[in-house]
Amino acid sequence: MNADLPGWLAPLAQQLEPWLPALTITGVIMAVASLVALPWFLVRIPENYFTQAYSPHQNRGVVAWLVWLLRNLLAILLLVAGILMLILPGQGLLTILIAIMTSTFPGKYRLERAIMRRPGVFRAANWIRARYHRRPLEHPDAFKEPSHGHYPNG
């Protein structure tokens, strides 16, 4: 690297230099994948997804556990891609939101609503939905939390 970097950054840049082609290719692939995956997810969720109450599934069979496992593995992959897209090309916050929506963990719905409250994320999601002639998402602030202050298992 020939750029003038601060002294503390030069060693890091030297270690990352061999990885730059792979990181660039990965960034481009993730950007293209996000152009396909994000609209696919966003047009399929109901407009009241961020305002409806959550009701967890209690009894799971073997197939349901397998689906749960695959779903969470996909979520981890999307989460890593979204984090990388925060510094590489792509829709990082929207991809992280899709990863969270795909996953299952306690507090998930509260976190989804917090991300969708960001004006840029909410606007981008509804812009994508409008391009596919879907009704806009209801704003998460329209959701009324249960009076006891927590979500059941979510």
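How many helices and strands are there in the protein? There are six helices and zero strands; both are DSSP runs numbered from the N terminus, with at least four residues (H or I) for a helix and at least two (E) for a strand. This is a predicted model, in which local features need pLDDT of at least 70 and side-chain atom pairs count only at pLDDT 80 or more, while totals for chains, interfaces and linings use all residues. Residues are numbered from 1 along each chain as its sequence is written, and side-chain values use heavy atoms, leaving out hydrogens and water.

**View 1. The whole protein, to get your bearings.** From the N terminus on, the elements run α-α-α-α-α-α. Of the 154 residues, 31% count as buried, meaning under 20% relative accessible area with a 1.4 Å probe and protein chains only (exposed is over 50%, partly exposed in between). Contacts are heavy atoms within 4.5 Å; among those with a separation of 6 or more, residues 24 or more positions apart account for 66%.

**View 2. Helix H3 and its neighbours.** Helix H3 covers residues 62-85, 24 residues in total. Its first and last C-alpha are 35 Å apart, close to the 34 Å expected at 1.5 Å a residue; the expected span is 1.5 Å times one less than the number of residues. Among its buried residues are Asn-72, Leu-78 and Met-85. What covers the buried residues of H3 includes helix H2 (20-44) and helix H4 (92-102).

**View 3. Thr-51 in its loop.** Look for Thr-51 in the loop between H2 and H3. Thr-51 counts as buried because its relative accessibility is 15%. Its side chain makes a polar contact of 2.5 Å with the side chain of Glu-138. A polar contact is a pair of N or O atoms within 3.5 Å; within protein, one must be able to donate a hydrogen and the other to accept it, and residues adjacent in sequence count only if both atoms are side-chain atoms.

**View 4. Arg-113 in helix H5.** Arg-113 sits in helix H5 (residues 108-116). A polar atom of its side chain lies 2.8 Å from the backbone oxygen of Gln-52. Arg-113 is buried yet has no salt bridge, which would need a side-chain nitrogen of Lys or Arg within 4 Å of a carboxyl oxygen of Asp or Glu. The nearest side chain of opposite charge, Glu-112, is 6.2 Å away; Lys and Arg count as positive, Asp and Glu as negative, and His and the chain ends are not counted.
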